[in-house]
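The sequence and structure come first.

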Amino acid sequence: QVQLVESGGGLVQAGGSLRLSCAASGRTFSMYTVGWFCQAPGKDRDFVASITWNGGNTYYADSVKGRFTISRDNAKNTVYLQMNSLKPEDTAVYYCARRRLGLDPNYYSDYGSYDYWGQGTQVTVSS
């Protein structure tokens, strides 16, 4: 059974930074693309960023480009999301998820292409 556990969320002032971590169980985690999504109250779960199995390709939502950086350490079975220059509109619960193997890489932002999800970590940015 695959488990993903997010951590690192919290309350930060606008302009501040946070680093989220997604720790995974399972020896094959390094084979998978991993994504970060966020969900604000009353809104859909939105794509934030994703990273391929070896870190060779990263993708970002337009709203976070230049501010957020996704990375991974396969030796630690962990994926990170460095969040800089945070804005109040970044306030949401952030989830990491593992993408199914063998899918079209161009659809990395497709919510339905991810099969295992963590429980989420709250990020609150005050103005």
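The model is a predicted one, and the values below are computed from it.

## The disulfide

One disulfide is counted in the model. The partners are Cys-22 and Cys-96, with 2.1 Å between their sulfur atoms. The torsion about their S-S bond is about 70°, so the disulfide is right-handed.

Cys-22 belongs to strand 3 (residues 18-24) and Cys-96 to strand 9 (residues 92-99), so the pair ties together parts that lie 74 residues apart in sequence. Cys-22 has 0% relative accessibility and counts as buried. Cys-96 is likewise buried, at 0% relative accessibility. Cys-38, in contrast, takes part in no disulfide.

Where is Asn-77 found? Asn-77 sits in the loop between strand 7 (68-73) and strand 8 (78-83). With a relative accessible area of 16%, Asn-77 is buried.

The side chain of Asn-77 comes to 2.7 Å from the backbone oxygen of Gly-26. Neighbours within four places in sequence set aside, Asn-77 is in contact with Cys-22, Ala-23, Ala-24, Ser-25, Gly-26 and Phe-29. One of these residues, Cys-22, is also a partner in the disulfide with Cys-96.

Note on methods: Residues numbered from 1 in each chain as written. Predicted model: local features only at pLDDT ≥ 70, side-chain atom pairs only at ≥ 80, totals over all residues. Heavy atoms only, no water. Disulfide = S-S within 2.5 Å. Helix = DSSP H or I, 4+ residues; strand = E, 2+ residues; numbered from the N terminus. Buried < 20%, exposed > 50% of the residue type's maximum accessible area, 1.4 Å probe, protein only. Polar contact = N/O pair within 3.5 Å; in protein donor to acceptor, adjacent residues only side chain to side chain. Contact = heavy atoms within 4.5 Å.
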